[in-house]
Amino acid sequence: MYILVINPGSTSTKLAIYNDRTQLICRTYSHNEAELGPYSNILEQKQFRKEIILGMLHEHGFRTKDMDLFVGRGGLVRYLESGVYRINDAYLHDASVGLNGEHASNLGAILAWELAKDADKENMAYTVDPVVVDECDPIAKISGMPEISRVGAFHALNQKAVAHRYAIQVEKPYASLNLIVAHLGGGISVGAHRDGRIVDVNSALGGDGPFSPERVGRLPCLALLSLCFSGEYTYDSLKKKLIGEGGVFGYLGTKDIRDVEQLISDGNQKALEVLEAMAYQVAKEIAACAAVLAGRVDAIILTGGVAWSGRVINDIRKRISFITPEIIVYPGEDELFALVDGALSAIEGRRELLEY
């Protein structure tokens, strides 16, 4: 079975072709400001990204109709249970209007469905664990302000994937484990997994949790309120400062942790302080999740691109090892395979195929 996988990011489009679970082709196309600048919103980028996909298929001797299954990353649709979803009209509508916000991931399933339609295979367009998975306990959603709920977007796909990976490794059902999973990427999310559900997690895209390479995370709200009414910022400029130009980038002018580590090697004390502060905040969030799980934690899993940094991992580890000695590091993320594995598992009957 040939499978086309589509994972759009804010400045890239990651694509792959699999034959069942064997990866045949994997390409990442980076997009600069000159390419994306003409588009006023994410949805307008659809044809631009579709042409890239068609070009990749043609380059490797494939046609759209050669694909048996089309899987796209899930975006900011309505909050839903974790699972494998067949893409339908309701999903396409909610992703197109950005029901819970605008993000490149909204295009993933839209493009998968359009390409499946071109091949007369609309029923073979799926998505897996969108970023708006909501399995949180009701108590976790109460913010202290009735108008705001503590629920939002996070790295559900990779969090679930590495949790299942660990369960297979220790030969125990995922639903029998208490895990804390920290995804350390451009954004950072830390989730408490209890009995196969993510019962509490910070909103990595919504301004919550640790600061990250490009996002500010949780802020003192009155200080932020003062900025909002200072007259120095528009809504869009402040949003960009919070998500995209915050965190490590705001302090050091780079989002690449490798650059930060080079600065540290060159004797830059500020870079050292900022990186230690990010690790410090991640450790605090992990400890908070330990409280959610009442201290019964089978393992802590550290994953995402930043997990390649031994310095960051060691700084986190020294603050959380009292929770459990079982600290597992799965650096990087394999969201393309997670999408494939989820979709195939539904076809094989090992996971339920849900209708949105």
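Predicted model: local features only at pLDDT ≥ 70, side-chain atom pairs only at ≥ 80, totals over all residues.

I started with leucine 36, which counts as buried at 12% relative accessibility. My cut-offs for that: buried is under 20% relative accessible area, exposed is over 50%, and partly exposed is in between, with a 1.4 Å probe and protein chains only. Residues are numbered from 1 along each chain as its sequence is written, and side-chain values use heavy atoms, with hydrogens and water left out.

Back to leucine 36, which sits in helix 1, residues 33–36. Helices (H or I, at least four residues) and strands (E, at least two) are DSSP runs, numbered from the N terminus. What does leucine 36 contact once its neighbours within four places in sequence are set aside? I get Ser10, Thr11, His31, Gln45 and Phe48, with contact meaning heavy atoms within 4.5 Å. For serine 10 I also have the C-alpha separation from leucine 36, which is 9.4 Å for two residues 26 apart along the chain.

Next, the cysteines. Cysteine 26 comes out partly exposed at 40% relative accessible area.

Is cysteine 136 buried or exposed? Buried, with a relative accessible area of 10%. I found cysteine 136 in the loop between strand 6 and helix 5 (156–170). Skipping residues up to four places away in sequence, cysteine 136 touches Lys141, Ile198, Val199, Asp200 and Val201. Histidine 193 is 57 residues from cysteine 136 in sequence, and their C-alpha atoms are 9.6 Å apart.

Aspartate 20 has phi near 55 degrees and sits in the loop between strand 2 (12–19) and strand 3 (22–30). Its relative accessibility is 37%, so aspartate 20 is partly exposed. Aspartate 120 turned up too, with phi near 60 degrees. That residue is in the loop between helix 4 (106–118) and strand 6 (125–128), and aspartate 120 is exposed at 67% relative accessibility.

Last, the whole-protein numbers. I count twelve helices and twelve strands. The C-alpha trace spans about 55 × 50 × 45 Å along its principal axes. A compact globule of 356 residues would have a radius of gyration near 21 Å, and the protein's 20 Å agrees with that. The radius is taken over C-alpha atoms, and the globule rule is 2.2 Å times the number of residues to the power 0.38.

Of the 356 residues, 51% count as buried. Among contacts with a separation of 6 or more, 69% are between residues 24 or more positions apart. The protein exposes about 16,400 Å², and carbon and sulfur atoms supply 51% of that area; areas come from the Shrake-Rupley method with a 1.4 Å probe, and for residues only the protein chains shown count as cover.
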